[in-house]
Amino acid sequence: MTTVSPRVGVVGGSRSDFPVLQAAVDVLGELGVPAELRVVSAHRTPDHLFRYAETAAERGIRVIVAGAGGAAHLPGMLAAKTTLPVIGVPIPTQNLGGLDSLLSIVQMPRGIPVATVAIGNGLNAGLLAAAILAVSDDELANRLAAWREHQTSAVLDDAASAADLTRGPVSG
Ligand code: RP5
């Protein structure tokens, strides 16, 4: 049996982050990009975080998507330990709606960048990871362009249906 090495490492601070992060894994799957989904916690498993970051590139990982909620240090700490691009996903939180996660992730100090998507937007994290890989992968770039075209058609179809509804039933 041959196993395909993941090119994108999708990690969350807790399994409770997985519903948001699954959207990244799913769209990467649609685009034919192998991805893994793991728990890596900055606070509960800090040594594991260091190991993950230090070994990611040699395992074939090219981009890391990291979701965390609240005191969301996971994306920043991963970025501090690897030069692979890191995309942070602010996870929605119960008391502060994920604004806490967003501000924790987006306010990185100079020298250690983390790309940050909108609160709860795992889909965009997956698409951005694919776009980064597509820079050096023409076939993936074509699949990404097709994905975008399909999205555009779906939006136009919806708009056409909505226009039909506002016109009401055809008489005569
Ligand atoms: C963060 O704490 C995780 O990223 C998660 O979003 C949040 C809550 O974790 P659980 O209490 O659900 O495990 O580290």
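This is a predicted model: local features need pLDDT of at least 70, side-chain atom pairs count only at pLDDT 80 or more; totals for chains, interfaces and linings use all residues.
Reader: Okay, how do I read polar contacts? Which atom of the ligand is 2.6 Å from the side chain of Ser16?

Author: You look for pairs of N or O atoms within 3.5 Å. For Ser16, an N or O atom of the side chain is 2.6 Å from an oxygen atom of the ligand. Asp17 also brings a polar side-chain atom to 2.6 Å from a ligand oxygen. With Arg44, the distance from a polar side-chain atom to an oxygen of the ligand is 2.8 Å. As for cover, the ligand on its own has 370 Å² of accessible area, and the protein covers 65% of that.

Reader: What about empty space? Where is the largest pocket?

Author: Rolling a probe the size of a water molecule over the atoms shows where empty space is left. In this model, the largest pocket is the space taken by the ligand. The pocket contains about 260 Å³ of space.

Reader: Which residues lie nearest the centre of the largest pocket?

Author: Those are Gly13, Ser14, His43, Arg44 and Gly69, out of 17 residues that line the pocket. Sorted by class, the lining has 9 polar, 6 nonpolar and 2 charged residues.

Reader: Now let's zoom out. How many helices and strands does the protein chain have?

Author: Count the elements, then read their order. The chain has 5 strands and 6 helices. Going along the sequence, they come in the pattern β-α-β-α-β-α-β-α-β-α-α.

Reader: And what does the C-alpha trace span along its principal axes?

Author: For the protein chain, that comes to about 75 × 45 × 35 Å.

How values were computed: Residues are numbered from 1 along each chain as its sequence is written. Side-chain values use heavy atoms; hydrogens and water are left out. A polar contact is a pair of N or O atoms within 3.5 Å; within protein, one must be able to donate a hydrogen and the other to accept it, and residues adjacent in sequence count only if both atoms are side-chain atoms. Accessible areas come from the Shrake-Rupley method with a 1.4 Å probe; for residues, only the protein chains shown count as cover. On a 1 Å grid over the protein atoms alone, a cavity is a set of points where a 1.4 Å probe fits but cannot get out, and a pocket is an open set with protein on both sides within 12 Å along at least five of seven lines; lining residues have an atom within 4 Å of a point. A molecule sits in a cavity or pocket if more than half of its atoms lie within 2 Å of its grid points. Grid points are joined across faces, edges and corners, and a volume is the space filled by probe spheres set on the points. Ala, Val, Leu, Ile, Met, Phe, Trp, Tyr, Cys and Pro count as nonpolar, Asp, Glu, Lys and Arg as charged, and the others, Gly among them, as polar. Helices (H or I, at least four residues) and strands (E, at least two) are DSSP runs, numbered from the N terminus.
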